[in-house]
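Here is a walk through one structure, taken a piece at a time. Keep the sequence and the 3D view open as you read.

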Amino acid sequence: MNDVTGMPQTAVVIGGGSDIALATLRLLAKRRLRAVVLLGRSAEALNEAAEQLRGAGVEEVTTEIFDVNDFSHASEVAEETVARLGTVDLVLVAAGFLGDASLEVIDPESVAHMIATNFTGPAAAMTAFSQRLLRQGFGRIVVLSSVAGVRVRRSNFVYGSAKAGLDGFAQGLDDALVKTGLSVMIVRPGFVHSKMTLGLKAAPMSTTPEAVAGAIVKGLESGASVVWAPSSLMWVFGILVHLPRRLWRLVPG
Amino acid sequence: MIPGDTDAFVGWGNNNATRAVHRRPRNTKEIAALLEGSSMCIARGLGRAYGDAAQCAGGTVIDCTGLSEILAFDGSSGVVRVEAGCSLDQLSRYSVSRGWFVPVTPGTAFVTIGGAVAADVHGKNHHREGSIAGYIEELCLVTPDGPRIVGPDRDPELFWATCGGMGLTGVITEVALRLMPIATSYLSVDTDRARDLDACMEMLASGDERYRYSVAWIDAGTRGRALGRAVITRGDHARVEALAGTQRSIPLTYNPVQRLSVPFTPPVSMVNALTLPVFNSLWYHRAPKHRTDEIQTMSAFFYPLDMLRDWNRLYGPRGFTQYQMVVPFGQEHVVRYTIERLQEASCPSTLGVLKRFGAGDPAPLSFPMPGWTLALDIPLGSPSLAVALDDCDRHVAGAGGRVYLAKDGRMRPELMREMYPRIDQFLETCHRTDPDGLFVSDLSRRIGLTPTTPTQRKGMKP
C-alpha cells in the first residue's frame, strides 16, 4: 500500500532495464519498497537490475520478459503481475529507446518501430495496467516522458514526436482517472547521461539517472502530476515552446 | 470506467484515496449477510481516523453510520446501550441533559462509538481514568461466524483484541457503555502558560493529579529558548454552585451549533510556513499567564475544532497527517527530539498536544501506556517529511514507545512488533475468529498486520 507520503511498498517497472527506473527503485528501497516485478525485453539487463535491487534491500524481485510492442499480451501480463504482488502501488513506465533520427538513415519501418516502442507500446501497457489497477482501487502510474516531446526538435523528431504522443496520452489518462484512486505522474527529464544516451553529445542542463530518480521521489511525496528534471527546465521550456519555428529549427544537435 | 457501486475513501487527513464497494447496512443481520458475500472488508464510522484505517481498497467498506440508534438507557447505573454508528455528539445530546456524559472522549464529538472502541480512544482524563475500553460492559461483534457478545468477562481475549483492534476482529454493531454522572454541562478550567518544554512538562507532572482533565497545547514551531512553550488547560466538571445566572438555572444542556465551515478545499494549504508562526504566536500570547476557575462549555473545552466544520480542508489538496506517539516516563528527550527533528526538516506543524498518560489496558493493540504522548498535525507534501518521521519512529521505538494506529498513515512496518509487543496475541485471536482473513484495511496491509496477496491470505498464520 502507498503511504500518505506517497511511498510505495510494491512496484512494477515496464522497461525494467532502464537506468532511471533502477535509480528510482534504489531510492524507494531506502523507504518502504519491498517487492518489485521487472518487465523488459532483455533477460540480461533485467537480471542485472534485479541483482542490484536485491543488493539495495528489496526483499522480493522477479523478472519477466515482456516487450511493450506485444500488445496482445499486455492485459495478461498486468493480471499476472498484480496477482504476484498482491497489490501494485506503483507502475513505472520506462520503456523506450533513442535511435538515430537523421533523415538519411530512417526508413518507414524504423520510424514505425521507434514510435511503437516509445509511444504506442507504453500507452498500451499503461492501458492494461490502469484497467487492472482500477479493480484494486488505487495506484500510482509514473511515466517517463521527455522534454524532447514538449517541443519536438529537428535532430530527434521521431523520438520527440513519440514522447509528445506519450506525454499527451498520459495527461489524458490522468484526467480520465480523476476520482478513481489512480493517478498518473509525468516525468520530463532533459538530457540524461545513461545507457540510452551513451556516446551522444550532452545537451545543456544535462542530468543523471540519480538526479531524475530524486526528482521522481520528490514528485511522489508532493503529489505532483508533472515533474521536470532538472526542475529549471520547466521555465526554460515555458519560453522555448513559444520560440518561432524559424528560430527553433536552428537549435543544433 | 470506475467499477460499479464503488466510492473513493480517504481518512481525515484527506489523502491517499482508495476505492472500495460502499455498503451501508441497517442492522446486524444485513452486516452478517455482507460478510457472507465479501472477500475482504472493513467497518467505517465517521472517517475521523487520520490515515487509512477505515479504507479497504478493492474490497468492501461497511459504513456503520446506518446503525445509530440509542437502544436503552438505565438512569440508575448510567449504562447506555447504543448501536455502533451512533456518534458521541448524538449520544451527548441525549445523555447530558439527563446528567450523564461519556467517560472518555477524544478531541472531536464526531466519532462513532464503534470507531472509538476500535481505536480504544483516550481523552484528556487518561492519566486518571484510562481509555474507553475500561467503560464497556459488553459489545456485539459480527464475525464471519455471526454475531457474538463479548465483554471483559465474556470471551475477554476477543473483547480486548477488539478494543484498539482497528476493526480487524469484526464489525462492532452494539456497545453497552457505562456513562459518568455529571452535575452540570460546564467545566471549571484553570489555564497556565509555560515558557518552554521543560517548564510545561514540569507543570504537567507536578499538577496533573489534581485535575480530572489535563492537556497542554504546544507551540511546536518556535525554536531556541522558547521551544515547546505551551498553554496548559486543566479542569473538571463544574459544580452547580460555580455557575452564575442563566447557566445555573439550566445547568445541564448540550446543543452545540456548527456556525462556521470551510466550504471548499483551497488550492494550497492554508497551514504553511507563513501562517503557522503567526497562529502559534497568537494562540500563546492570547492565553492568560495564569487563570483559575473559568467556566467553559463542554464543546469549547472538549471539542474546540468541531466548531469549524470540515476544518481538515484547510490543509489543501495534498492534505495532512497527524503524528501521535507515546514514550514512557523517563524518555522525555524523545518528545524534544521529535519537535526538533520536524523543525530541522522545515515541516511546520500546528499546535501540538502534549499529555501524560496513566496506566494502559490489557488490549494488545491499544495505544496508551504510562508516559508522554505528543500529537502534531503536519501538512503533507514536504519532501523532507517522510524521512524525518522515519527518524522519529526509530527514536520512539527505541525508547519503548509507539505510534497511534488511528492517526497513522506512514509508520515503518518493521517497527510494528517493537512498538506493539503483544501483536502475536492479537493475530492469534484474529485468526481464531476470522481464519480466512476477511477483515482487511489499507492500514492493516500497509503495516503488515494482514497479508496483501490473496494466496498469502488463504494460508495466513499468525
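**A covered helix in chain B**

Start with H11(B) and its buried residues: Leu385(B), Ala386(B), Ala388(B), Leu389(B), Asp390(B), Asp391(B), Cys392(B), Asp393(B), Val396(B) and Ala397(B). Bear in mind that the model is predicted. H11(B) is mostly covered, with 10 of its 14 residues buried. From its first C-alpha to its last, H11(B) reaches 20 Å, close to the 20 Å expected at 1.5 Å a residue. After H11(B) comes Gly400(B), which has a positive phi, near 85°.

What covers the buried residues of H11(B)? The cover includes elements from both chains. Chain A supplies helix H6 (209-222). From chain B come strand E18 (320-328), H10, strand E20 (371-379), strand E21 (402-403) and helix H12 (416-419).

Ala386(B) sits in helix H11 of chain B. Its relative accessibility is 4%, so Ala386(B) counts as buried, the limit being under 20%. Leaving out residues up to four places away in sequence, Ala386(B) touches Thr5(A), Arg31(A) and Glu221(A). Now look for Asp306(B), 80 residues from Ala386(B) along the chain. The C-alpha atoms of the two are separated by 28 Å.

Next, turn to a helix that packs against H11(B). Helix H10 (residues 332-344) of chain B meets helix H11 (residues 385-398) of chain B at an angle of about 170°. Their axes are 10 Å apart. Angles over 145 degrees count as roughly antiparallel, and H10(B) and H11(B) are therefore roughly antiparallel to each other. On the H10(B) side, the contact is made by Val334(B), Tyr337(B), Thr338(B), Arg341(B) and Leu342(B). On the H11(B) side, it is made by Leu385(B), Val387(B), Ala388(B), Leu389(B), Asp391(B), Cys392(B), His395(B) and Val396(B). Sorted by class, the contact of H10(B) with H11(B) has nine nonpolar, two polar and two charged residues.

**The nonpolar cores**

The view now widens. The largest nonpolar core has 112 residues. Phe101(B), Leu177(B), Val335(B) and Leu354(B) have the most contacts inside it. H11(B) gives the largest share of this core, six residues.

Which residues does Val335(B) touch? Not counting residues up to four places away in sequence, they are Leu197(B), Met201(B), Met325(B), Val327(B), Leu354(B), Trp372(B) and Leu374(B).

**A buried aspartate**

Find Asp192(B) in strand E12 (residues 186-194) of chain B. Is Asp192(B) buried or exposed? Its relative accessible area is 8%, so Asp192(B) is buried, being under 20%. Leaving aside neighbours within four places in sequence, Asp192(B) is in contact with Met203(B), Ala230(B), Val231(B), Ile232(B), Arg234(B), Pro288(B), Lys289(B) and His290(B). Asp63(B) lies 129 residues from Asp192(B) in sequence. In space the two are 42 Å apart, C-alpha to C-alpha.

**A helix in chain A**

Move to chain A. Helix H5 (residues 157-176) of chain A has 20 residues. H5(A) reaches 28 Å from its first C-alpha to its last, close to the 28 Å expected at 1.5 Å a residue. The buried residues of H5(A) include Val158(A), Tyr159(A), Gly160(A), Leu166(A), Leu173(A) and Asp174(A). Lys163(A) and Asp167(A) are also among them. The cover over the buried residues of H5(A) includes helix H4 (108-136), strand E5 (139-144) and strand E6 (182-189) of chain A.

**Backbone details in the loops**

In chain A, a cis peptide bond joins Ala229(A) and Pro230(A), with omega about -5°. Pro230(A) is in the loop between strand E7 (226-229) and helix H7 (233-240) of chain A.

In chain B, Asn16(B) is not a glycine, yet its phi is positive, about 55°. Asn16(B) lies in the loop between strand E1 (6-9) and strand E2 (18-23) of chain B. At 24% relative accessibility, Asn16(B) counts as partly exposed.

Asp155(B), also not a glycine, has a positive phi of about 45°. The place of Asp155(B) is the loop between strand E9 (146-150) and helix H5 (156-162) of chain B. With a relative accessible area of 27%, Asp155(B) is partly exposed.

Key
Residues are numbered from 1 along each chain as its sequence is written. Chains are lettered from A and ligands numbered from 1 in the order in which they are written. This is a predicted model: local features need pLDDT of at least 70, side-chain atom pairs count only at pLDDT 80 or more; totals for chains, interfaces and linings use all residues. Side-chain values use heavy atoms; hydrogens and water are left out. Helices (H or I, at least four residues) and strands (E, at least two) are DSSP runs, numbered from the N terminus. The expected span of a helix is 1.5 Å times one less than its number of residues. Buried means under 20% relative accessible area, exposed over 50%, partly exposed in between (1.4 Å probe, protein chains only). Contact means heavy atoms within 4.5 Å. Axes are lines fitted to C-alpha atoms, for helices over the stretch in contact, and angles run from 0 to 180 degrees between N-to-C directions. Angles under 35 degrees count as roughly parallel, over 145 as roughly antiparallel, 65 to 115 as roughly perpendicular and the rest as oblique. Ala, Val, Leu, Ile, Met, Phe, Trp, Tyr, Cys and Pro count as nonpolar, Asp, Glu, Lys and Arg as charged, and the others, Gly among them, as polar. A nonpolar core is a set of buried Ala, Val, Leu, Ile, Met, Phe, Trp, Tyr and Cys residues joined through side-chain atoms within 4.5 Å.
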